[in-house]
Amino acid sequence: MPEERRDTIYLDHAATTPLDPRVLEAMLPFLQGSFGNASSPHAAGREASGAVEEARGRVALALGADPREVVFTSGATESNNLALRGVARAQAHARRPRRVVTCVTEHHAVLDPLAALEAEGFEVVRLGVDREGHLDLGRLEEELARGVLLVSLMSANNETGGRHPIAEIGARCREHGALFHTDATQTFGKEPLDVDEASVDLLSLSAHKLYGPKGVGALYLRRKRPRVRVEPLLEGGGHEGGRRSGTLNVPGIVGLGAATRLAEAERGAEAARVGALRDRFEATLRDGVPGLKVIGDPSDRLAGHSNLAFPGIDGDDLLKAMPDVCASTAAACTSASLERSHVLRALGHDPEAVVGSVRFSLGRTTTEGEVERAARRILDGLHRVTGA
Ligand code: PMP
């Protein structure tokens, strides 16, 4: 971590994670001496393409996929765009339903490309959720029965950590002949997901959420039963089997491969450790903050997520009162806009709970001492904000 950050307590791992030093180590040779273009047939190129293929194998292995089904991208935003626009446009002239089903709590990197498709004449059905963020699978079934091209539902929500039952949704999509895309940005490397067992046809992931570098990710695209076709977003040299043109980001891809390998090896023990720290963090705060509410389903969420509604305050004021605690009041990607969480509103929380909510997300760098210090800073911050 950079010097000036030493005293800060980083509890925003759902927004992004620090680069694991072991990942940096794996990347360094490809930022220095081994600079070849992975498409070049000479020795330098072959060295680069060998490293890219090793990383592709790692990502495929983690998904139970074939390496040929993994397309490298610039991150989950691009993967989602390629999945959604790519499938819809590839099917535009086929005799397939022009309907796509998603959920109101998806990330904007899914909702916005779908809004663009809607403007192109596709019908987009946005399913609602209950107060804990759960979908009504009966409603999904009704929509599937009406004929659907593609379903896009995230494996876990970035704001609440709440999961969707991916294998059950996949089975229903398969039964009705709909393609199934899942945005697995928050779960890849944290929770196991086998694309065959879960009947997933397309899956998006991003390296910077699993201690890898920013600006690199992947899209899993099923090759068989069914073969998923996508129209590329980028035209050019025909890289990645024509699905994503552009010189490959070799150091980034090597970083994604290394991050995947580490995450897969450590994920079980890490989830237990982080989950125990999160529970302790919440227990301390619950003792000190009457009326504190956990947003989402407290008994079924990702181990590191803690989205809390503090009564009677503005979450932004609390963050300002404790500048050394890094957390967020809305998904980092949308906090630039004035919109407060569309996810919390979809869960039916009143405006006070939405404004008073702060998302803390723990991860690999979080220690017991940090969690205790953060809870104390929060209690002090609340006193300052409320003047109590
Ligand atoms: N989907 C989800 C669920 C996310 O949490 C994020 C990152 N906030 C994205 C997509 C976008 O990922 P990237 O930053 O790699 O474009």
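Predicted model: local features only at pLDDT ≥ 70, side-chain atom pairs only at ≥ 80, totals over all residues.
Q: Into which domains is the chain divided?
A: There is domain 1 (9-19 + 267-386) and domain 2 (21-261). These bounds come from an automatic or database domain assignment. The C-alpha centres of domain 1 and domain 2 lie 27 Å apart.

Q: How many residues does each domain bring to the contact?
A: Domain 1 contributes 33 residues and domain 2 contributes 38 residues. Contact here means heavy atoms within 4.5 Å.

Q: And what area is buried between them?
A: About 3100 Å² is buried between domain 1 and domain 2, and carbon and sulfur atoms give 51% of that area. Buried area is the accessible area (1.4 Å probe) that two parts lose on being put together, summed over both.

Q: How many polar contacts and salt bridges cross that interface?
A: Across the interface of domain 1 and domain 2 there are 19 residue pairs in polar contact, both residues being at pLDDT 80 or more. A polar contact is a pair of N or O atoms within 3.5 Å; within protein, one must be able to donate a hydrogen and the other to accept it, and residues adjacent in sequence count only if both atoms are side-chain atoms. The count of salt bridges between the two domains is 1. A salt bridge is a side-chain nitrogen of Lys or Arg within 4 Å of a carboxyl oxygen of Asp or Glu.

Q: Which elements supply the domain 1 side?
A: Both β10 (305-309) and α9 (342-346) supply at least two residues each to the side of domain 1 that touches domain 2. The largest share, 4 residues, comes from α9. Helices (H or I, at least four residues) and strands (E, at least two) are DSSP runs, numbered from the N terminus.

Q: What is that side made of, by class?
A: The side of domain 1 that touches domain 2 has 13 nonpolar, 12 polar and 8 charged residues. Ala, Val, Leu, Ile, Met, Phe, Trp, Tyr, Cys and Pro count as nonpolar, Asp, Glu, Lys and Arg as charged, and the others, Gly among them, as polar.

Q: Changing topic: how many salt bridges are there by this rule?
A: The count comes to 31 salt bridges. One of them joins Glu53 and Arg56, whose closest N and O atoms are 2.8 Å apart. Both residues lie in helix α2 (residues 43-63), 3 residues apart, about one turn of the helix.

Q: Is that pair buried or exposed?
A: Glu53 is partly exposed, at 40% relative accessible area, whereas Arg56 is buried, at 8%. Buried means under 20% relative accessible area, exposed over 50%, and partly exposed in between (1.4 Å probe, protein chains only).

Q: What about Glu168 and Arg172?
A: Their side chains meet in a salt bridge at 3.2 Å, N to O. Glu168 and Arg172 are 4 residues apart in helix α6 (residues 166-176), about one helical turn. Glu168 is partly exposed at 38% relative accessibility, and Arg172 is partly exposed at 21%.

Q: Which backbone feature marks the bond from Arg225 to Pro226?
A: The peptide bond from Arg225 to Pro226 is cis, with omega near -10°. Arg225 also has a positive phi of about 45° although it is not a glycine. Arg225 lies in the loop between β8 and α7 and is exposed, at 71% relative accessibility. Most residues other than glycine have a negative phi, and most peptide bonds are trans.

Q: Where is Ser199, and what is its phi?
A: Ser199 is in the loop between β6 (179-183) and β7 (202-206), with a positive phi of about 50°. Ser199 is buried, at 11% relative accessibility.

Q: And what does Val200 touch?
A: Not counting residues up to four places away in sequence, Val200 touches Ile166, Phe180, Thr182, Leu193, Val195, Tyr220 and Arg222. Val200 is buried, with a relative accessible area of 0%.

Conventions: Residues numbered from 1 in each chain as written. Heavy atoms only, no water.
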